[in-house]
Amino acid sequence: MKPNILFFLIDGLREDKCHGNKKTSVTPHIDSLIQNGVYFNQTICSAPVTPTVLSSLFTGLYPSEAIILNNEIFTINQAHKNYVQHLKEIGYTTYAFLPEATYLFEQGRIFQENVYKYPYTDTLFNGNGKLIVEKLKENHLREPWFYYLHLYDLYVGSVFDIDDGGSKELNNKKYGNNKYDRILSAMDVWIGKILDNVDLSNTLVILTADHATERGDYDSKLEEYASSCQKIRTWEPNPVSKSIASVKKIPKILQPMKTYMSKSYSRHRRRVVKDRIRPEIEKIENEDLSPYYKRLKKSAAMIVFGTYDDRCRIPLCFSGFGITSKHIISDQVRSIDIFPTIMGIIDSADIQNIRGRSLLPYLEGKEMEEVPVLIESISTSPKSNTTNSIGIRTSQHKYFRDRNKSTKNVHLYDLIKDPLEERNLADELPDVVEKMENIVNEIQSQKSFGYEKVNELNDDEMQDIEKELRKLGYIN
C-alpha cells in the first residue's frame with residue numbers, strides 16, 4: 001500500500017524565516033518537522049509569483065514551458081501532464097484546500113474534484129485550521145490520498161487587516177519581531193493540530209512554499225510605509241467606467257467596443273497608479289540607504305516582481321514516511337525537484353520529459369552534483385510590474401538580464417560574499433557573465449522558451465480575474 005501524502009504549501013514563506021538566525025517566530029511544530037526529517041535550506045523556485053510557480057511545480061518544467069498566455073493571463077499549460085494527474089493514475093485520491101484565486105487563475109483546477117476553495121481573507125487561525133482538522137478527523141479520505149494545503153495566511157495577513165481569530169500570537173512580539181513572523185507563529189499552532197490528526201508512520205509530509213516575499217524582512221517602519229503606499233495606489237474608477245464594467249451581457253455587435261474600452265481603461269488605470277507612486281520611488285532613490293534596504297522600501301511602495309533571493313529562496317522539508325535520516329542539506333536544489341523526489345520516496349515511476357530530478361540520493365545520505373537553477377520573472381499577467389528578466393543561479397553566483405536582450409539590465413552577484421545581492425559585479429567579472437549566459441543559452445537550446453498564446457478566456461472572465469489580481473497586488 002502506498003503512503004498518504006500531506007503537502008503543506010505556505011504562500012510566501014521565506015527560507016530564512018523558517019530556519020536559521022533570522023528566524024524570530026515561535027514554531028515548535030515546523031521545527032519538529034525539520035528536526036525529524038531532511039531539510040533543504042537552499043531551495044530555489046523559478047519564478048516570483050504564485051500562479052507561475054505552481055504551473056512549474058506541478059509539471060516539473062521551467063515557468064515559460066509550463067504556462068500559456070490565455071488572453072492576458074498566464075495559466076498552466078494543460079497540454080503537459082501534471083503531477084496531480086499522475087498521482088491519480090497510480091492510485092491516489094487527490095484533495096485540495098486552496099484560495100479561490102488559485103482556482104480562478106486555473107492552476108488549482110488541475111485537481112478537478114475534492115477541492116475546497118476559501119476566500120483570501122480566511123486563514124488557519126480564523127477558521128481554515130478548524131475545517132482541515134475536522135476533515136482529517138472524519139477519516140473519510142480515501143487511501144492512499146494526496147492532500148494539498150495551499151495556505152495564504154502569510155501573504156494576506158502581512159498585506160491586509162484580517163480577523164485574527166482570537167490568536168494571541170499576532171500582537172505579541174514574543175512570537176516574532178515583525179507581523180510576518182508573528183503570523184507564522186499563529187499558523188504553527190494549527191499546523192501542529194493538523195499533524196496530530198495524521199498517522200506520520202504512513203504519511204509523507206512535505207513543507208515548502210511557492211515563492212518567498214520581501215515582506216518577511218520588513219521592520220515596523222516598512223510595514224507602516226507599505227500600508228500608506230497601498231492607500232496611495234488605491235484608485236477607484238469613475239461611475240461611467242464602473243457601469244460599463246458591470247454590464248455582462250451586451251449585443252455581440254457591441255462586444256468589440258466593450259473590449260476596446262475595457263483595455264483602454266486598464267491602461268489608463270495603470271498609468272494613474274504609477275504616476276501616483278512615482279514621487280515615492282524617486283524619494284527613495286535619493287535617500288541614504290543600503291542597497292538592500294532601498295530595494296525593500298521600493299517593494300513596499302510598489303512591488304516589481306524580480307529574481308532576487310528574497311522572492312526565490314524557499315524552505316523545503318521532507319518528513320514522515322520513508323524519511324529515515326535527519327539532516328540539513330545546504331546544496332542548492334530546485335522547486336521543480338519536489339515532485340520527482342516524492343515519486344522516488346513512494347517508489348513510483350516519474351513523468352517523462354521533465355526538467356526536475358529526484359533528490360532521493362540526498363535523503364539516503366548520498367551526495368549529488370548541484371545543477372543550476374533557471375529563474376524567470378514571469379508574473380501572472382503581462383500587465384504586472386516585472387523586471388522582465390531571465391537568469392541562472394548557482395550556489396555561488398546569481399546572474400540575470402533582460403529576457404529579450406542579453407546585454408540589457410545585466411546583473412551578477414557573488415552570493416557567498418554578498419548574500420543580500422547589493423553589489424553588481426557584471427562589469428568586473430565578464431568571464432563569469434559569459435559562463436552564466438552560456439548556461440542560459442544551453443538550456444534554451446533544448447527547447448524554445450516562447451510560451452503559447454491562446455484566447456480561451458472571454459472579456460468578462462478577464463475582468464473578474466483582473467479584479468482579483470488588483471485586490472491581491474499582482475497588477476495595479
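Author: Let me begin with a term: a residue is called buried under 20% relative accessible area, exposed over 50% and partly exposed in between, using a 1.4 Å probe and protein chains only. Helices (H or I, at least four residues) and strands (E, at least two) are DSSP runs, numbered from the N terminus. This is a predicted model, in which local features need pLDDT of at least 70 and side-chain atom pairs count only at pLDDT 80 or more, while totals for chains, interfaces and linings use all residues. Residues are numbered from 1 along each chain as its sequence is written, and side-chain values use heavy atoms, with hydrogens and water left out.

Reader: Thanks. How many of the residues of helix α2 are buried?

Author: Ten of the ten residues of α2 (residues 50-59) are buried, so this helix is largely enclosed by the rest of the structure. Among them are T50, P51, V53, L54 and F58. Just after α2 comes G60, which takes a positive phi of about 70 degrees.

Reader: On to sheets, then. In what order do the three strands of the open sheet stand?

Author: The order is β4-β3-β16, and the pairing is mixed; two strands count as paired if DSSP finds at least two bridges between them. Because β4 (73-76) and β16 (452-454) stand at the edges with a single partner strand each, one side of each is left without a neighbour in the sheet. Neighbouring strands here are turned by 35 degrees against each other on average, direction ignored. Strand β3 (residues 67-70) pairs with β4 in the antiparallel sense over four bridges, and N70 stands opposite I73 in β4.

Reader: And what is the order of the open sheet of four strands?

Author: That one runs β12-β13-β14-β15, with antiparallel pairing. Its edges are β12 (373-376) and β15 (411-414), each with a single partner strand, so one side of each is left without a neighbour in the sheet. Strand β14 (residues 397-402) is joined to β15 by four bridges, with Y399 standing opposite L412 in β15.

Reader: Which helix lies across those strands?

Author: Helix α16 (residues 430-446) lies across β12, β13 (389-393), β14 and β15, and runs at about 70 degrees to β14. For such angles, axes are lines fitted to C-alpha atoms, for helices over the stretch in contact, and the angles run from 0 to 180 degrees between N-to-C directions. Contact itself means heavy atoms within 4.5 Å.

Reader: At what angle do α9 and α12 pack?

Author: Helix α9 (residues 220-233) and helix α12 (residues 291-301) pack at about 35 degrees, with their axes 7 Å apart. Residues of α9 including L222, Y225 and C229 take part in the contact, and α12 brings residues including Y293, L296 and A300.
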